[in-house]
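Colleague: I would like to go through this model with you, one region at a time. Could we begin with a single residue and then move on to the packing?

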Amino acid sequence: MKAIRRFTVRPVLPQPLRPLSDLARNLRWSWHAETRDLFRSVDPERWAACGDDPVRLLGSVPPARLAELAQDGEFLARLSAAAENLAEYTGGPRWYQEQSGPLPSAVAYFSPEFGITAALPQYSGGLGILAGDHLKAASDLGVPLIGVGLLYRHGYFRQSLSRDGWQQEHYPVLDPHELPLTPLSRPDGSTAHVSLALPGGTSLRARIWLAQVGRVPLLLLDSDVEDNGAGERGVTDRLYGGGSEHRLLQEMLLGIGGVRAVRVYCELTGHPEPEVFHTNEGHAGFLGLERIHELVSQGLDFDSALESVRAGTVFTTHTPVPAGIDRFDRNLVARQFGQDAELPRVDVDRVLRLGAETYPGGDPGVFNMAVMGLRLAQRANGVSLLHGKVSREMFAGLWPGFDPEEVPITSVTNGVHAPTWVAPEVLRMAGRGVGEQRAEEALSVGGSERWDAVADVRDDEIWQLRRSLRAQLVDEVRRRLRDSWRQRGAGDAELGWIDGVLDPDVLTIGFARRVPSYKRLTLMLRDHDRLRSLLLHPERPVQLVVAGKAHPADESGKRLIQELVRFADDPRVRHRIVFLPDYGMGMAQKLYPGCDIWLNNPLRPLEACGTSGMKAALNGCLNLSVLDGWWDEWYQSDFGWAIPTADGTGTGPERRDDLEAAALYDLLERRVTPRFYEKAGDSGLPDRWIEMVRRTLTHLGPKVLAGRMVREYVERLYAPAARSHRAMDADAARELAEWKARVRGGWPGVRVGHVETSSATATAELGATLTLRVRVALGGLSPEDVEVQAAAGRVDAEDRLTAPTTVPLKPASNGPDTEGNWVYEGPLTLDRTGPFGYTVRVLPAHRLLASGAELGLVALPSEDLVEAAGLLMR
């Protein structure tokens, strides 16, 4: 018989144990070792069986055990200390509260997925893990963040393998009442909801669940409520599932419903209203439309509301290729925002224009979520220096006339939340010299350039720690591999060989991530014989632990997994290479510390950041990676190795893979394995390897922290956005909107005319100063509407300026000349040798602009004028 309804019966905790419930409901336990140890001591076997989930644990502990603990003085003392520690952590001042200057009263952070803990499976890969680490680091720093996402009843899929190695997907149903969640309730006890209007007079309602992430509330919207029809109930059924209309409804609920949920939460709790809204990738872009609609409902016109919303919005792109962006059919979007549907006070044509691909090569029939996100945000960033450059090139069409270097997309390199990912043994080693409290602060808040305490740890301690972590990984791999083979249909009698899989004294390489084609899961298999010789080398063997999930609709990704699994099933090598299914946070936390090398071989430059290598580095694991994402930015030979790339335009995909695989094998054979197995001096230890581990922790560790990342967001993006938000009151918004309309209307009449150069010296020598005089036509605009600039610097073989500096020129008189032109002049210093050139341009200028490129308008000299001017120096 099958139950027609399922619910959870919770035990009533004895009064002395009531703080356990509060500790379980605040997800800080997921990165606070003492709290986890406390829950483990309740019942170690049940703790392991519950997947280290305190909510499930408390729901299964027998009343007799609870009664026993309620009389245990030592346990109650530990419980009291943990509760006091949490109260101090959530209520006391942190880094943010100690900063001077105006900071946002609150920041709303929207993401389609959040990877906080395996006990709350609402993530698929790097984007969600990054979002989870962002919330945790914000909590550690005291940043008043509100997270906003969706609650997926199936989460992302669980993965297993068939007997022949084909990926199988399973979607377990998640009961919110069995998760570390609390329904947001109104004073009368009713559950708080938000609602969206749909075409045809129907609606989409969603309940608001609250996950407490340390100091940070995370609001998750759940459409599986009785008031919805069957189709609407399924909107939040699974992460990244369904067709285009399904995904569009998810993203409308996330963006529009998410803003409404934030308003409800702030009203019910008294939490300060956000001054800054951070859109983590384009999925949440509709939040800007809802905020425009709020202001239009208060009497502001659309253009003024747009300026007000843009001022306080930050947009982060994680996508290095156009194919990774959500794009919807224009007519589908029009129907959702048409008559009787959402945002009735906003004209649907204005909505469509925000997502229109108006640049060369764009598709007029689609609505681009990233394009809308950029148009609705005054500040935008990529997630590594290289990704910032790639993003500026990818979206340059939105700012015509500007070089990609000037496209207003900056970069904040991702970081990882060290207390989540660093093994307790590594933390204890780091804390011996400075104390565990200071070590925890260094890992969470960051701020130092070096971790010098690690420099004093003895070589033998580092080596013994690395071997201990490797041995733990070997045990974990054998357990998971046995479970996997049982799922594939094998009996225990077939699995005796698993006891000999991996060796705690062999160089261990890890590779784990999602399996899109650009990450090249099977590059290591390019030459089977060469890989086998590496795995089975008689003196310097290596062993490989591989994990990863392909998207359920990605047949090519599933074939890559099957290819690797079939190689790993070969009895000749199966003790040296394993594929572990169902990669997730729980597995990752064992995998990173236990590996000696973290392998990453994407097609450059398609890895936006790639934070898995950061997590490995924080545990003393060395990186072996293509120079992509964060590794391109921070690679040094002290920290690891760079795989050479063959990314020239004349190299085809097959040839490129051959060349880069050969380079990977060469590195492993000639440089990596000899260093690991090289025993030098009387110690009998691989001194040079240990020194690389030490330098990884000392020099690289402080850079890869999520605390560093969030501090950069606060200082470089959140604080400026809050200042812009405060300056953009209704009057200022109207002023800026009217000014932009006037400038756009008058810009066709803006032209750069004659340019004169007078030299203060007879020759163009370093340090000489030239005087520029430029005649500019401003059409119907005034000098207060523009900035006239000279841009100068070295030039390449095609006379393009490289890394130019700009100098503003000033009007030479109080009015135009007899022909209606304005004359500008100013000095130009020859501050570098070699081929040198300059140009002149006109940009819009207003005190409320964040960038001169913001409007995408620029006036440059005509081609005739450029040819006549020539170069100053060659």
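Modeller: Ser391 counts as buried, since its relative accessibility is 0%. Please bear in mind that this is a predicted model.

Colleague: Which helix does Ser391 lie in?

Modeller: Ser391 belongs to helix H15, which covers residues 385-394.

Colleague: And what is Ser391 in contact with, leaving aside neighbours within four places in sequence?

Modeller: On that basis, Ser391 has contacts with Thr317, Thr319 and Ile409.

Colleague: Now Arg40: buried, exposed or partly exposed?

Modeller: Arg40 has a relative accessible area of 32%. Buried means under 20% and exposed over 50%, so a residue in between is partly exposed; Arg40 is therefore partly exposed. Its place is in helix H2, residues 33-42.

Colleague: How far apart are the C-alpha atoms of Arg40 and Leu57?

Modeller: Those C-alpha atoms are separated by 9.1 Å, while the two residues are 17 residues apart along the chain.

Colleague: Let us turn to the largest nonpolar core. Which residues touch the most other members?

Modeller: They are Ile597, Leu624, Trp641 and Trp689, in a core of 105 residues. Helix H19 (residues 459-487) supplies the largest share of this core, nine residues.

Colleague: What does Leu624 contact, beyond its neighbours within four places in sequence?

Modeller: The contacts of Leu624 include Ile597, Trp598, Trp641, Ile643 and Leu664.

Colleague: On to helix pairs. At what angle do H25 and H26 pack?

Modeller: Helix H25 (residues 653-677) and helix H26 (residues 687-700) pack at about 105 degrees, and their axes are 6 Å apart. That angle makes H25 roughly perpendicular to H26.

Colleague: Which residues make the contact between H25 and H26?

Modeller: H25 contributes Val672, Arg675 and Phe676, and H26 contributes Arg688, Trp689 and Met692. By class, the contact of H25 with H26 has four nonpolar, no polar and two charged residues.

Colleague: What about the angle between H9 and H10?

Modeller: Helix H9 (residues 244-269) packs against helix H10 (residues 287-297) at about 60 degrees, with the axes 7 Å apart. H9 is therefore oblique to H10.

Colleague: Is that crossing of H9 and H10 left-handed or right-handed?

Modeller: The crossing of H9 and H10 is right-handed. Its contact involves Gly255, Ile256, Val259, Arg260 and Arg263 of H9, together with Leu287, Glu290, Arg291 and Glu294 of H10.

Colleague: How do the residues of that contact of H9 with H10 divide by class?

Modeller: Three are nonpolar, one is polar and five are charged.

Definitions and conventions:
Residues numbered from 1 in each chain as written. Predicted model: local features only at pLDDT ≥ 70, side-chain atom pairs only at ≥ 80, totals over all residues. Heavy atoms only, no water. Core = buried A, V, L, I, M, F, W, Y, C linked by side-chain atoms within 4.5 Å. Buried < 20%, exposed > 50% of the residue type's maximum accessible area, 1.4 Å probe, protein only. Helix = DSSP H or I, 4+ residues; strand = E, 2+ residues; numbered from the N terminus. Contact = heavy atoms within 4.5 Å. Axes fitted to C-alpha atoms, helices over the stretch in contact; angles between N-to-C directions. Parallel < 35°, antiparallel > 145°, perpendicular 65-115°, else oblique. Left-handed = near helix turned anticlockwise from the far one by under 90°. Nonpolar A, V, L, I, M, F, W, Y, C, P; charged D, E, K, R; others polar.
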